[in-house]
Amino acid sequence: MAVSTAQRPTANARVLILTFLTAVIFNRGVADVSPGASTSEELPHRRFEYKYSFKGPHLSQPDGGIPFWIHSGNAIPSADQVRITPSLRSQKGSVWTKNKVTFDNWEAEVTFRVSGRGRMGADGLAVWFTSDQGLDGPVYGAADMWNGVGIFFDSFDNDGKKNNPAIVVVGNNGKLVYDHQNDGTTQALGTCLRDFRNKPYPIRSKITYYKKTLTVMINNGFTPDRDDYEFCTKVDNMVLPSQGFFGISAATGGLADDHDVLSFLLFGLSEPGQQPPPPDSEIPKEEKDKYQEEFQNFQQELDKKKEEFQKEHPDVQGEPLEDLYESVSDREIRQVFEGQNRIHLEIKQLHRQLAMILDEQRRYVSVLSAEVLKKGTNAESGQLDTAGQQQLGSVIITQQAVLKNLDELRTSFHESLKQISSSQHQGNAGGIGTYETIQHFNDIKEHLHTVKRDVDQLIQRNPQNPAEKMVKCPEAPPMPACLSTFHFVIFIVAQSVLFFCYIMYKSQQEAAAKKFF
């Protein structure tokens, strides 16, 4: 035992030394390989292709079309998006580029939103690159047996395997029929499970075809970060047509979702060693001359309008351009004055209503005073008791208190109006002082709180009608019933006879009607 315990430390030390040397050699090998890998995998050059893209705002033209794109089916272009299909059953729609893509490598960024009321949706949305435009068909609203590739955002589970929503990449050489029953899984070149329905932010997908490799990246829709992409799938050695059309289509079935495309941005990719072609080389000379002529006509028309405006407004010619626009401080001052003006109008309206209430209360006091004088003359002759006289006296005291409170409220309103007017005059004279303005607003707020509290007290103390507190006459006894027992029996018998006669007449009519059948 002593010998074995003595040999254990040396064995452990040898294992630790071998492990350390292996780690050092591995790290040096990785360090030698990583620089070469980074230099060999340089990112390609990207160039935005506006003729194959669309994005809001002002996405659609006045005639309802999309520049450089065509739409078909139930697609609805608007200012900020294209609704491929609305949330109705059995709808189809698509948008396609008018011109063919002539470059070999490309990258497409698609921003879309799929939303619906139910827990499940249908059918889905597809992004296409095909040799021909598939304007209408059974595959997500586009034609079947296409030549190219389709990236399907499938939201309905046709095969019942609970593997939807999913993103499926399906290639076709123009001879295959899409497998609807199995959601295209038997023909899929790549797939990933991602839920893209009813997300707080739009879904973003980046589809890259570079050096015969198709890569699909997806944003989960939980963040507005545009660069937050997750890897979905990758297809190597994929051969696509050298020229083709881009398209987006969607379809609904028994279930329905809104399929909205917010933007489609296409970028042409070129290898780092190659020089990208200049933009002018792809534009024909005739088209370039046409655009140049349109620009010159527009420039001439703009100069004419400027001259007409200067003739009509000679006083504006010498003013600098900055004076025509409102600064941030001017906007804040204007908003403060607009708020003060609204408060001023509200207080004026309350002041008018308070004056009306005051006049009405004075009329009540005058009526009660006349009543007291009348009762006083009767009291001299001994016709009024002491309780009635005390009740009338309390009513008069209450009305006088109401008048006093109303006068105080009217005075408070008048002071508030004066303070608002003074603050507005000070602001117009030389700007608004910060401390004085805040102090004016605090005073107005205190006066408004005081008015509200006094009005609530008046509502609680003031009776709705002063006549309710006056002595009322006794109510008259109820009138006896005018219907006797004999008349009631005769009415019941007559009603029964009429009812039986109606039943017999109805049965005769039904029997006569059956003879015709």
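Is His58 buried or exposed? His58 counts as exposed, at 71% relative accessibility. Here buried means under 20% relative accessible area, exposed means over 50%, and partly exposed lies in between, with a 1.4 Å probe and protein chains only.

This is a predicted model, in which local features need pLDDT of at least 70, side-chain atom pairs count only at pLDDT 80 or more, and totals for chains, interfaces and linings use all residues. Residues are numbered from 1 along each chain as its sequence is written, and side-chain values use heavy atoms, with hydrogens and water left out.

**View 1. The protein chain as a whole.**
The secondary structure comes to six helices and 16 strands. Helices (H or I, at least four residues) and strands (E, at least two) are DSSP runs, numbered from the N terminus. Of the 517 residues of the protein chain, 32% count as buried. The accessible surface comes to about 34200 Å². Carbon and sulfur atoms hold 57% of that surface. Accessible areas come from the Shrake-Rupley method with a 1.4 Å probe; for residues, only the protein chains shown count as cover. Among contacts between residues at least 6 apart in sequence, 69% join residues at least 24 apart. Contact means heavy atoms within 4.5 Å.

**View 2. The loop between strand 2 and strand 3.**
Gly56 is found in this loop. Pro57 is in the loop too, between strand 2 (54–55) and strand 3 (69–73). His58 also has its place there. The peptide bond from Gly56 to Pro57 is cis, with omega near 0°. Phi of His58 is near 55°, a positive value in a residue other than glycine. Most residues other than glycine have a negative phi, and most peptide bonds are trans. Gly56 counts as partly exposed, at 24% relative accessibility. Leaving out residues up to four places away in sequence, Gly56 touches Ala79, Asp80 and Leu262. The C-alpha atoms of Gly56 and Ser263 are separated by 7.0 Å, yet these residues are 207 apart along the chain.

**View 3. Phe54 and the largest nonpolar core.**
A nonpolar core is a set of buried Ala, Val, Leu, Ile, Met, Phe, Trp, Tyr and Cys residues joined through side-chain atoms within 4.5 Å. The largest one has 41 residues. Phe54, Trp106, Phe153, Leu214, Phe264 and Leu266 touch the most other members. Strand 7 gives the most to this core, with five residues. A second, separate core has 13 residues, including Ala126, Val139, Val170 and Phe245. In soluble globular proteins, nonpolar side chains tend to be buried together. Among the residues that Phe54 touches, beyond four places away in sequence, are Trp69, Ile248 and Phe264.

**View 4. The largest cavity.**
A search of the whole structure finds one cavity of 30 Å³ or more. On a 1 Å grid over the protein atoms alone, a cavity is a set of points where a 1.4 Å probe fits but cannot get out, and lining residues have an atom within 4 Å of a point. The largest cavity has a volume of about 40 Å³. Grid points are joined across faces, edges and corners, and a volume is the space filled by probe spheres set on the points. The lining consists of Trp106, Ala108, Val127, Trp128, Phe129, Val149, Ile151, Ile207 and Phe246. Strand 7 (105–115), strand 8 (124–130) and strand 9 (147–154) each give two or more residues to the lining. Strand 8 gives the largest share, three residues. By class, the lining has nine nonpolar, no polar and no charged residues. Ala, Val, Leu, Ile, Met, Phe, Trp, Tyr, Cys and Pro count as nonpolar, Asp, Glu, Lys and Arg as charged, and the others, Gly among them, as polar.

Thr233 is found in strand 14 (residues 230–235). Thr233 counts as buried because its relative accessibility is 7%. Beyond four places away in sequence, the residues it touches include Val169, Gly190 and Leu214. Asp236 sits in the loop between strand 14 and strand 15 (245–251). Asp236 is partly exposed, with a relative accessible area of 48%. Lys212 and Thr213 touch Asp236, not counting residues up to four places away in sequence.

Lys211 lies in the loop between strand 12 (203–209) and strand 13 (214–218). Phi of Lys211 is near 55°, a positive value in a residue other than glycine. Asp236 and Lys211 are 9.0 Å apart in space, C-alpha to C-alpha, and 25 residues apart in sequence. Pro165 is found in the loop between strand 9 and strand 10 (166–173). A cis peptide bond joins Asn164 and Pro165, with omega about 0°.

Terms used. On a 1 Å grid over the protein atoms alone, a cavity is a set of points where a 1.4 Å probe fits but cannot get out, and a pocket is an open set with protein on both sides within 12 Å along at least five of seven lines; lining residues have an atom within 4 Å of a point.
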